[in-house]
Amino acid sequence: MSDRFPEPRMRDEFRSELRAKLIAEAQTVLDPHARRGTAWTSWLRPALGVGVAALVLIAGAGTAAASSLPGDPAFALKKAVEDLQVTLTFDDVQRVQLLAQLADRRLDELQKVANSADKAPTASEEYAEAVTRFRAAVDAMQHAAPQDKADAAQGVADAARDKHDAVLDVIEDKVPEQAKPALERAKEEEHRDRNDNDSGGTTGKDTPRPSRSAEPTRSPRPAETSRATETPRRTDAPSTTRPATPRPSPSNHD
């Protein structure tokens, strides 16, 4: 039993010694004169600190502004965070999908303020701007991306158009008159390829990529036709031959 009594005392001493070491290490790390690194490490530490602080600030501000609506003071910060997300999306198809989601978000915000005469016009303009940006990205892929990515972008555009039409049919009569012109522009932008197809054109999915035009082929020369005015050859006039007069046969004299 007596051998077990010093055990708590040893634990206390170990904790005290460990604490002292940790405090010493912390002072060494935090003291700028205690540790001197190379030039790039001394530059990298402040840069990393500023970067981490900026990310924390953006993340916190983005969370606070996530519920903001067009016309609110925090809405500009919300769009700045969204623009940063688009900029950091390097895959073309994923960028188009993200822009489609942002257009969905603008339309959802418009649906929330459809009855507000103050915010509905601003929300409709934001929605029209998001649709224009989304459709521009789809058109760019139609002309530059590989065929599989162009088809994927067109599929996202078709799905977004059908989804937006269903919502617009519900809220179009609720929004004030000042908000309707922007909605018409957005609807016209989303139905542009379908209208072209109805008028005899082709949709963006079916539109062939511009290719080098072949050199015009030379049309064959028309065959030489016989002269219509060619005079027929002169034929010799039929010669009139006199019938040969039979000579009198010599008579036999007895």
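Helices here are DSSP runs of H or I with at least four residues, numbered from the N terminus. Arg-106 lies in one of them, helix α4, which spans residues 92-112. The model described here is predicted.

The protein chain holds 8 helices and 0 strands. Read along the sequence, its pattern is α-α-α-α-α-α-α-α. Of the 254 residues in the protein chain, 26% are buried. Among contacts with a separation of 6 or more, 68% join residues 24 or more positions apart.

Helix packing was examined next. Two packed helices are described by the angle between their axes and the distance between the axes. Helix α5 covers residues 120-144, and helix α6 covers residues 147-171. The two pack at an angle of about 155°, with their axes 8 Å apart. Angles over 145 degrees count as roughly antiparallel, so α5 is roughly antiparallel to α6. The crossing of α5 past α6 is left-handed. From α5, the contact is made by Tyr-127, Phe-134, Arg-135, Val-138, Met-141 and Gln-142. From α6, the contributors include Lys-149, Ala-150, Ala-153, Gln-154 and Val-156. Ala-157, Ala-160, His-164 and Leu-168 of α6 also take part. By type, the residues of this contact are 10 nonpolar, 3 polar and 2 charged.

Helix α6 also packs with α4. Their axes come within 10 Å and cross at roughly 5°. Angles under 35 degrees count as roughly parallel, so α4 is roughly parallel to α6. On the α4 side, the contact involves Val-93, Val-96, Gln-97, Ala-100, Ala-103, Asp-104, Leu-107, Leu-110 and Gln-111. On the α6 side, the residues are Lys-149, Ala-152, Ala-153, Val-156, Lys-163, His-164, Val-167, Leu-168 and Ile-171. This contact divides into 12 nonpolar, 3 polar and 3 charged residues.

In soluble globular proteins, nonpolar side chains tend to be buried together. In this model, the largest nonpolar core has 19 residues. Those with the most contacts inside this core are Leu-107, Leu-110, Tyr-127, Leu-168, Ile-171, Val-175 and Leu-183. Helices α4, α5, α6 and α7 (180-190) each supply at least two residues of the core. The most comes from α5, with 6 residues. Leu-107 touches Tyr-127, His-164, Val-167, Leu-168 and Ile-171, not counting residues up to four places away in sequence. A second, separate core has 16 residues. Val-96, Phe-134, Val-138 and Ala-157 are among them.

Two charged residues were then considered. Arg-106 of α4 has a relative accessible area of 3%. Buried means under 20%, so Arg-106 is buried. Not counting residues up to four places away in sequence, Arg-106 touches Phe-75, Lys-78, Glu-82, Glu-126, Tyr-127 and Ala-130. Asp-162 lies in helix α6. Its relative accessible area is 45%. That value falls between the 20% and 50% limits, so Asp-162 is partly exposed. Asp-162 and Glu-190 are 28 residues apart in sequence. In space, the pair is 9.4 Å apart, C-alpha to C-alpha.

Definitions and conventions: Residues are numbered from 1 along each chain as its sequence is written. This is a predicted model: local features need pLDDT of at least 70, side-chain atom pairs count only at pLDDT 80 or more; totals for chains, interfaces and linings use all residues. Side-chain values use heavy atoms; hydrogens and water are left out. Axes are lines fitted to C-alpha atoms, for helices over the stretch in contact, and angles run from 0 to 180 degrees between N-to-C directions. Angles under 35 degrees count as roughly parallel, over 145 as roughly antiparallel, 65 to 115 as roughly perpendicular and the rest as oblique. A crossing is left-handed if the near helix is turned anticlockwise from the far one by less than a right angle, and right-handed if clockwise. Contact means heavy atoms within 4.5 Å. Buried means under 20% relative accessible area, exposed over 50%, partly exposed in between (1.4 Å probe, protein chains only). A nonpolar core is a set of buried Ala, Val, Leu, Ile, Met, Phe, Trp, Tyr and Cys residues joined through side-chain atoms within 4.5 Å.
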